[in-house]
Every structure is written in C-alpha cells, then in structure tokens.
Amino acid sequence: MEALLADKVQSSLTQFMPRNALFLCERLCAHFPSEINLQLLATCYLQNNQAYAAYNILKGSSMPQSRYLFAVSCYRMDLFKEAEKALCSPNEPNSEVPNGAAGHYLLGLVYRYTGRKKAAIDHFTQALVVDPLLWVAYEELCALGAAKEAKECFGDDVALRIHQQHFSDLTSRNLNISIDKQGLASNVETEQLLSSNTVTSSMPSKYLTPYDTPSPTAHQVSGNVIAPPPLNRNLMHLNNNALGADTPTKSNSNATGQVHRRKYVDESKLRKVSERLFESGTRRITRNSNKDSTPNVNPSTTVNGPPGNRLFGSYNSTSRSLSALRSVTLRRGPNRSLENFDEGRRHDMYEEMWTPSENNLGTTHPSSTSSMADARSTEQDRVGGVSVISSHDSKLLVGIKELLELLRILGEGYRLSCLYKSQEALEVYHTLSEQHFNTGWVLIQVGKAYSELFEYAEADRFFDLAHRLSPHTLEGMDVYSTVLFHRKDEMRLSYLARELASIDRLSPQAWCAVGNCYSIQKDHETALKTFQRAVQLDPRFAYAHTLCGHEYTAMEDYENAIKCYMSALQVDERHYNAWYGLGVVFLRQEKFEFAEHHFRFAYRINPVSSVLMCYLGMALHSLKREREALEMVDRAMEADPKNVLPIYQKAQIMISVERYDLALEELHRLEGLVPKESTIFALMGKIYKILDMQHKAMFYFGVALDLKPPAADVAAIKAAMEKLYLPDEMDDE
C-alpha cells in the first residue's frame, strides 16, 4: 500500500495534478508516518505554491533532503536566516551542504540577497564544480560580475569530468536496477518453483519417472531472468555442488521422493550409472574438457509434461547461442545463461547419480567443467564488451563536448552582456548556428545588447522577432517595452502591454509594460501605481523598483525616489540604472559630490555607457573641475558618436571656460542632428547675446519659441529676449 500510494503521488506530480498528489500524500503520511513520506508531502506543498505548509511540516527535520526542502520553503517566504541555518548549520560549519549542486546554488542565492557577495560567489562556483551543467549558477555568477571565461567553465577537462560522472551515475543506477530486478525475479520464480513442487508432490508415485525434474520455462531459456534460488533441499544440494562444495548430505525431508525415483530406475540403467561414477577422475575431467559445452543428450527424447517444456539438450544449445550474443550487452549482471546451462547439467547429472549415497564417495563433480566454460564465456564477454563500451563512451564524450561547445558560446555571450560589453557579446552570439540563434532566449539577449548600445531600432527588430517566435516568453519583455518607450511608439507599446497582460496578469513584466504606457503619456501617478504592482508581484525584480524611482523623480518626490533606488540596489547591487537614478536625484538637489559618487559607481559597473560618462562629466563640471569634465565628455562622444547629449554638454563646458567659438561649433553640429530641439537654439541665442550680436540672438530665441518648448523654458527664453537690449549692468542685476 505504501509503495502504491507513493507511486501515485509521484505520478500525479508528473501529470501536473498537485491537488490529487496532495490528497493522496496526506493519506500516505497518515498511514505510514515517516520523514521520507513527509519529504514527499512537502514536495506536493511546494508544487502547489504552499511554501508555508512545507515550512511547518519540515521544521526541525534532520535528514539532508528534508533540510533542503525546508530551505526552499524558507527562501520562498524570504526567511533567509532560517534557510541558511538549514543548509549550513552554525554548529557544524564544515558539514556538507544537502542536495549537492542544487543546495550550493540555493545557499548562494541566500547569501546574494543578504548582501554577502563573496560567499555567494563561492557557493555558485562550488555548484558549478559539482554539476558543470547547472546553467543557472553560471548566470548568477555573470550577474554578480564574477564569472570566469566560458572556456574555463565549459572546457575539455570539464567534458572528461562530466563523462566520468555520467558513467559512475549510470553504473550505480544500473546496479540498483539490477538489484531490484533480482529481487523481483526471485519472487516470481520462487512462486513458480513452489507451485511446481506442489504439483509434483501431489502426483501419485506411479506417474513419476526419472525425467520428471522441473524443466526450465520459456522465460528462463531466454536468459533474461535470473535463475531461481534453491527453495528445497534437493536444489540446495545441487547448488552447493555447483559451487565446488564438499560431498553433500542429502536431506531427510526428500527421502520419500528419493525412494520413488530409485524404485522405477531399472537395473541396467543403474549399472551404466555405476560404471560412469567409478571412472578415474583424470579420465572424467579429460572427457569433460574435450566435450562441447552442450551435454550429450539425445534431442529426440521427450518428456511427459506440459507442451512448453523442453529437454535440457535443446535448452543448453539455446543457452550457448545466447552466450555468444552477449558480447553486445553494455551493462551485465551475473552470467544468467551460463547459470541456466549449469543448472541443466546439474539436473542431467542428478538423473545419473540417483544411487545410494555410499556410491557417491570418491566421485569428481562436474562443476570444474562448468567453471571452465564460465571462465571462457566471461573472457569473451569482457573482450567484446570493452569494445562496445569504448565505442559507446567515445560517442558519449563527443556529445558532451558538442554540448559544452554550445554552452561556451552562450556562456561567453551572456558573460560579456552582464559586463556590458555589448558589442563583443553580439559578435559571440552571431557565431551561433542558425537553429540556436533563432530561439527566444538568444534573440532576447541580442535585443538587450542593442538596447545597451542605444541602437533602439535594432533592439526593436530582435525583440519583435523573439516575441513572434516565442510569444509565451515574458523574460526580457520589460526591456522591450522600455525600447518602445524610447522610440515613442505608443501604439505598439500599448499593444504589447495588452498582450503581455493577457498571457499572465501576475507577471511583473506585464505591469512594467503597462506602466511605460502611462509614463509615455506623462501620467506619472498611474504609471507609478502599475510599477508598484510589479514590485508587489515580485519584490526581487530590481528593474521595477528602479522604474518606480524614475516616476518619483519625474514628480520631483526625491525622498521616495531615493528609497526606491535603494530597494533596487538591495536586490541587485550591480543594477547600474539605480546608481544612475540616485546620481540624477542628487544632481537636481545640487548635491554635486553625492551625484559624482553615484555616477562614478554606475560608471564602474558599465564603463561603456556614453550616457553615464556624460552625466559624470556634468557632475564634475558642476564641481568646477572643468578639465576632468571635458575629458569625460570627449570619452562619451567617442563611445557613441550618435549620442547628442555629450555634444550639448561639451558646448556648456566651453561656454563656462569662455570658448564661445568652440561652443557654437558644437551647437551647429547638434542643429544638423536634432533640428527640432528648442534647447539648442536657446543656448545659441544666449551665446550670441554674450557676443553682443543681438540680431542673431533674437533670431535664435525666436526659433526656440517656435519649436514649442516646455512652459518653464518658454518663460526663461522670453525673459532673455526682454533683457536683450538692456545694459549689461542691469542685466546682471
């Protein structure tokens, strides 16, 4: 009953019926209370999203698997201290982490979300050592910026280690299966022997003949079923002889059967048997060694029995042919066909040796012959098996190397993406074959890389292709919605948000897309509510915290914006968008030193972002460190020549150092790149006013007003126009 219930519980979990599994597992634990069954019940609770229930039933458990499941439930409930205690007991600091690679990975997550980066890296690395194919551990190392190059994590030495692990695991699994099959076959054939002995003992003695020993059944002849264990004393006697035991002692329990057999053996048969029994031992061994492995039995002899029974002669020839075919078997247990072959010989000798016990003294048992045949067959199996196993292992090793080569490309691309070396990552991804490149995960990574390069058109193309190929995938769709936000494509952004919400209304990516829809329409309050809903659905979604901070910044609620950015950094300290947001807040609050600190921290994480370089230059310019600011702005222009923000900032720096000609040169460059930006023309008007060129200043102020700038800029431009013809002293006042 216990095995049946456990099997049905596992079957229900496999078929995605957690409620049925939970009901049956509760019955299992009620009738058979044990910690192993509690582990199965906890698994049902976790599959049914009831981590609190698994937490309560496993609290205080000591078995390694129980501790791991308890830690999983604690992690889902954000009880990181209890999860750490379950995985790594403080009383036993050197104890082994339960559940191998998965346990190290879970402990790494606990350390990561509690701010212990070094310990998290150690456990993620250890998880990869135990299981080199644990991709999620490598992803976490990449996210922490601590991943080694993919060729080191997925190299040829790793392939050999995986091959050895696979071989040892397969051997262990086959050994367990073999043990189970032995037990099953023993039980089945035990019942068959019992039934056979019962029928034989119930038959009248006048129907018994010297050939009425049990014949092998059809499934025994096939060599796939293990020979039955000796259940009666006669079979025990024969097995002892086959093992080379000393002169056996017959059982008194079968004395009646022996009398019947001796009664119906004629005298001529007894004389022939006696002559064979008293031959010299040397002659008998020589004769047996020169014979073929098949006993010399007349195949035309029949037995009075069921139609399925055959004589041992035909049975032994079948066994011999099966022995020759066994060289193709990759995983062998004991030599089953030879066991049956020896059993057949023992039954044949049993017929010949059915004489009084004193005649058995001094005879040589045929077990030596069967031992020699077994040795020869074992040698053949060893030679043939090694060649087949070697061929199989070579194919397995080739497959492992192909898999690791694929993981090397994917891993290196992902590592470079996490280091924000987007151009190099794109080059790696483009080396993939077409069948792997045109998959949802790869296309999303390519789209993210293009978005980091601010090539939003290319990012849009690859995100759209990924969404078409895998419309059910939600990962990366938050970045896709941001790309559409920057492209100001309201219609497609709205359609994407509606589609994501219809797929899964409880996904943070869907709510981020909805929030971007409201944000692009300047409805910051509603956008903030939707971003907060995303945070509520997944508190570990760092990007949702950052988007909340952006909305608070747009509403000039800087205190709450700082809180949101700090929450994002608690989830992911390498989330440079949050560091950038803090820098912007402090820059607006004119806390320039704090702004420089946060911009520089973001720049260390993403050293190729021209936007971060530019804002760092703005902070340095505000601190009157013009030379450093100019160097940083020039570096930003080299990193992304299409980015207009560094050019505008360089013009501002040139004005502050009174290099008006260079400032006008940069602004005229911007005029060709963004002809509808009112700020550029307003700044040109300001420069011409300083140069006492009132007509040109008035012209550019008028162009700026015609482009319909924001209300605050309109007031500033009109004020500058009114002061255009005033004396400089009054203008300064």
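Is phenylalanine 586 buried or exposed? Phenylalanine 586 is buried, with a relative accessible area of 10%. Please keep in mind throughout that the model is a predicted one.

Let me begin with the chain as a whole. Its secondary structure comes to 39 helices and zero strands. The chain has 733 residues, and 43% of them count as buried. Among contacts with a separation of 6 or more, 57% are between residues 24 or more positions apart.

I turn now to the aromatic rings. A pair of aromatic rings is described by the distance of the centres and the angle of the planes. The count for this chain is 24 aromatic pairs. In one of these, the rings of tryptophan 135 and tryptophan 441 have centres 5.9 Å apart and planes at 80 degrees; planes over 60 degrees apart count as edge-to-face, so this pair is edge-to-face. The two tryptophans come from distant parts of the chain, 306 residues apart: tryptophan 135 belongs to helix α9 (residues 135-143), and tryptophan 441 to helix α22 (residues 440-452). Tryptophan 441 is partly exposed, at a relative accessible area of 23%.

Phenylalanine 586, with which I opened, pairs with phenylalanine 594: the ring centres are 5.5 Å apart and the planes stand at 35 degrees, so the pair is tilted.

The next topic is helix packing. Two packed helices are described by the angle between their axes and the distance between the axes. The axes of α22 and helix α23 (residues 456-469) come within 8 Å and cross at roughly 165 degrees. Angles over 145 degrees count as roughly antiparallel, and α22 is therefore roughly antiparallel to α23. The crossing of these two helices is left-handed. On the α22 side, the contact involves Gly440, Leu443, Ile444, Val446, Gly447, Lys448, Tyr450 and Ser451; these meet Tyr456, Glu458, Ala459, Phe462, Phe463, Leu465, Ala466 and Leu469 of α23. Sorted by class, this contact has 11 nonpolar, three polar and two charged residues.

Helix α35 (residues 660-673) and helix α36 (residues 678-690) have axes that come within 10 Å and cross at roughly 155 degrees. These helices are therefore roughly antiparallel to each other, and their crossing is left-handed. From α35, Tyr660, Ala663, Leu664, Leu667, His668, Leu670 and Glu671 meet Ile680, Phe681, Leu683, Met684, Ile687, Tyr688 and Ile690 from α36. The residues of this contact comprise 12 nonpolar, one polar and one charged.

I move on to α24, which spans residues 477-486. Why can α24 be called largely enclosed by the rest of the structure? Eight of its 10 residues are buried, and α24 is therefore largely enclosed. Those buried residues are Met477, Asp478, Val479, Tyr480, Ser481, Thr482, Val483 and Leu484. They pack against α22 and α23, as well as α25 (490-503), α26 (508-520) and α28 (542-554).

Leaving aside residues up to four places away in sequence, serine 481 touches Leu493, Leu496, Cys512, Ala513 and Asn516.

Lysine 488, which follows α24, has a positive phi near 60 degrees. Asparagine 99 has a positive phi of about 70 degrees although it is not a glycine; asparagine 99 sits in the loop between α6 (80-87) and α7 (100-113) and, at 36% relative accessibility, counts as partly exposed. Lysine 708, also not a glycine, has a positive phi of about 55 degrees. Lysine 708 is in the loop between α37 (694-706) and α38 (711-722), and its relative accessibility of 72% makes it exposed.

Terms used
Residues numbered from 1 in each chain as written. Predicted model: local features only at pLDDT ≥ 70, side-chain atom pairs only at ≥ 80, totals over all residues. Heavy atoms only, no water. Axes fitted to C-alpha atoms, helices over the stretch in contact; angles between N-to-C directions. Helix = DSSP H or I, 4+ residues; strand = E, 2+ residues; numbered from the N terminus. Parallel < 35°, antiparallel > 145°, perpendicular 65-115°, else oblique. Left-handed = near helix turned anticlockwise from the far one by under 90°. Contact = heavy atoms within 4.5 Å. Nonpolar A, V, L, I, M, F, W, Y, C, P; charged D, E, K, R; others polar. Phe/Tyr/Trp six-rings, centres within 6.5 Å; stacked < 30°, edge-to-face > 60°. Buried < 20%, exposed > 50% of the residue type's maximum accessible area, 1.4 Å probe, protein only.
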